[in-house]
Amino acid sequence: MLSKKKIAVVGAGHIATALVGGILKAKLVEPKSVTAARRSPEALEELKKRFGIHVTSDNRKAVKDADIVVVAVKPQQAAAVLEELASSVTEDQLIVSVMAGLTTSWINRKLGKANPVVRAMPNTPMLVDAGATPLAKGAHAGDEDLELARQLFAAVGTTEIVPESLMDAVTGLSGSGPVYIYMVIEALTDGGVKMGIPRATARRLAAQTVFGAAKLVIDTGKHPAILKDEVTTPGGTAIAAVHELEAKGLRNVLIDAVVTATKRSEELSKAAG
Ligand SMILES: NC(=O)c1ccc[n+]([C@@H]2O[C@H](COP(=O)([O-])OP(=O)(O)OC[C@H]3O[C@@H](n4cnc5c(N)ncnc54)[C@H](OP(=O)(O)O)[C@@H]3O)[C@@H](O)[C@H]2O)c1
């Protein structure tokens, strides 16, 4: 379905560049079907050289004739950019927003149009094609719109369809989640260093342990508690550590982290209006 579509990307920064790279690598669309817009001429030239796509610093020109418009500016730049696009966007264009905390109805209001809007909340592992992207459709979007948006993000990782009411919660889980895991990797590394392992070795071991454990959960489909039970030998090392982690409240602290980040996302969303 995507192969025949023209895609415009407004706000071609980190997230949008990773997305464009992914969809081109997956050959979902040809470079000539993609137009990227941002203000910096040097960055646009770089994008053109790297991907062979069209580039422009004129947002209105970028969206002209596009079937799909991906909006990836920072949330604080969104109102100005959407108001600028309002006169150029036509109601048959699918708007895909990766902007945190901005609802589909807010986007429709800023555009002053009943476009189909799909929200996506990717995370930065999409830079290495290992992203997790929940997507939600707005009131004017249909299943076909949602599927088109899903295919874009499937090029850079896995996708989940959720109701829009869960967008703050997924922001608190997978959107912000890589940060929690970086802290876990850092702490495991420090633990290894404390026990005498050279730092570089400890970091590689810690990161691969997180990666391997996640891969085992994903590939086997087994409940993590079963995988945990399978490796906790009676009287062994892992169960001794489990006791310590439970006593110090590892699960509680991670649950609270997701709750707190979700609430913060709700607050930011409300502040946007
Ligand atoms: N980073 C994450 O983990 C993450 C995860 C999920 C969602 N998001 C969302 O993704 C969005 C982009 O984040 P990012 O990390 O990719 O930020 P970013 O690298 O700063 O990208 C935003 C881009 O927007 C461009 N821009 C600013 N004003 C513009 C304008 N008036 N017209 C056209 N382009 C404009 C900027 O380029 P110029 O200065 O050259 O114009 C910049 O390259 C945000 O809304 C964020 O909420 C981020």
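This is a predicted model: local features need pLDDT of at least 70, side-chain atom pairs count only at pLDDT 80 or more; totals for chains, interfaces and linings use all residues.
**Helices, domains, ligand shell and core**

Me: How many helices and strands does the protein have?
Reply: Twelve helices and eight strands. Residues are numbered from 1 along each chain as its sequence is written.

Me: How do you know where domain 1 and domain 2 are?
Reply: The bounds come from an automatic or database domain assignment, which gives 2-167 for domain 1 and 177-269 for domain 2. Their C-alpha centres lie 33 Å apart. Six residues from domain 1 and five residues from domain 2 take part in the contact, where a contact means C-beta atoms, placed from the backbone, within 7 Å.

Me: What classes of residue does domain 1 put on the side that touches domain 2?
Reply: Two nonpolar, four polar and no charged residues. Here Ala, Val, Leu, Ile, Met, Phe, Trp, Tyr, Cys and Pro count as nonpolar, Asp, Glu, Lys and Arg as charged, and the others, Gly among them, as polar.

Me: Which residues come nearest to the ligand?
Reply: Gly11, Gly13, Arg39, Ser40 and Ala100, out of 27 around it. A residue counts as near if its C-beta atom, placed from the backbone, lies within 6 Å of the molecule. α1 (14-25) and α4 (75-85) are the elements that give two or more residues to this shell. By class, the shell has 15 nonpolar, nine polar and three charged residues.

Me: What makes a set of residues a nonpolar core?
Reply: They must be buried Ala, Val, Leu, Ile, Met, Phe, Trp, Tyr or Cys, joined through C-beta atoms within 7 Å. Buried means 20 or more other C-beta atoms within 10 Å of the residue's own, with C-beta atoms placed from the backbone. The largest such core has 58 residues, and Val9, Val10, Ala36, Val69 and Val70 have the most contacts inside it. α1 gives the most to this core, with six residues.

Me: Which residues is Ala36 in contact with, leaving aside neighbours within four places in sequence?
Reply: Val9, Ala12, Ala16, Val20, Leu44, Leu47, Ile53 and Val55.

Definitions and conventions
Two residues are in contact if their C-beta atoms, placed from the backbone, lie within 7 Å. Helices (H or I, at least four residues) and strands (E, at least two) are DSSP runs, numbered from the N terminus. A residue is buried if 20 or more other C-beta atoms lie within 10 Å of its own, exposed if 12 or fewer, and partly exposed in between; C-beta atoms are placed from the backbone.
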